[in-house]
Amino acid sequence: MTNEAIILAGGYGNKFEPLVGDTPKSMILINGKPFLEYQLNYLDHWGINHVIIAVGYKADLIKKYFKNQYKSIQLEYVDCEESLGSGGALKKAMQKVNALAVFVLNGETLFDVSLRRLFNFKRSKETDIAIAIHFVPEAAECGSVKIDSDARIIKFNEKADQYAEEYIYGGISCIGTRYFLNKDTPKEFSMGSDFIEKYYGSDSMYGFKCYSYFIDIRTTENLKKAQNEFKSLPY
């Protein structure tokens, strides 16, 4: 299994300004710890020892807090203050990856996926991208994913129907490094609308169903919900 991961942590928490001020979204405190710390604990739990963090808004706060080492994880940072989009930030961060594949985490979600199973799924399907997907009875502001009987992605919508039963993109994927770096992309692009939606029909992309704990912190309601639920996390 690859021992490297990228966290896209460039977002800012202006939506929650009455609650958290102008704190970067990844540094919003949940039970006294930044959200990013829970993600790093999760990665440490799975034996990931090299994490590249794509930072943007108030990056110095993140760097000062975590420095270059967290537990057994070596941390590196990629500054994405200019407008790169999620895809452009990922491409810049991926230049620091040494392995043939890397786990990629959205800085706004926590999905308790077995990284070993996700990696083995990617390897068994011989796919360029394996995306962890989560079933929800009412979709949130995440991309919805439809797969065929072999788990190959046959449709991707960057915004799901919030009233429909959907599998949504859970914010974790395993991506082939050379495949992504060699793809001809603009400097600024979105991983959803400009990449996955564009290439899922022609390239090899699969969805890995996972029914474990999932939360995103894009809404005030979920942010408050996390305060209670994170108390029982195993990491």
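Modeller: Axes here are lines fitted to C-alpha atoms, for helices over the stretch in contact, and angles run from 0 to 180 degrees between N-to-C directions. Helices are DSSP runs of H or I with at least four residues, strands are runs of E with at least two, and both are numbered from the N terminus. The model is predicted: local features need pLDDT of at least 70, side-chain atom pairs count only at pLDDT 80 or more, and totals for chains, interfaces and linings use all residues. Residues are numbered from 1 along each chain as its sequence is written, and side-chain values use heavy atoms, without hydrogens and water.

Colleague: Why are helix 2 and helix 3 called oblique to each other?

Modeller: The axes of helix 2 (residues 35-45) and helix 3 (residues 59-66) cross at roughly 50° and come within 11 Å. Angles under 35 degrees count as roughly parallel, over 145 as roughly antiparallel, 65 to 115 as roughly perpendicular and the rest as oblique. Helix 2 and helix 3 are therefore oblique.

Colleague: What makes the contact between helix 2 and helix 3?

Modeller: Leu-36, Glu-37 and Leu-40 of helix 2 meet Ile-62, Tyr-65 and Phe-66 of helix 3, contact being heavy atoms within 4.5 Å.

Colleague: Which residues have the most contacts inside the largest nonpolar core?

Modeller: They are Leu-43 and Val-51, in a core of 51 residues. Such a core is a set of buried (under 20% relative accessible area, 1.4 Å probe, protein chains only) Ala, Val, Leu, Ile, Met, Phe, Trp, Tyr and Cys residues joined through side-chain atoms within 4.5 Å. Helix 2 gives the most to this core, with six residues.

Key. Buried < 20%, exposed > 50% of the residue type's maximum accessible area, 1.4 Å probe, protein only.
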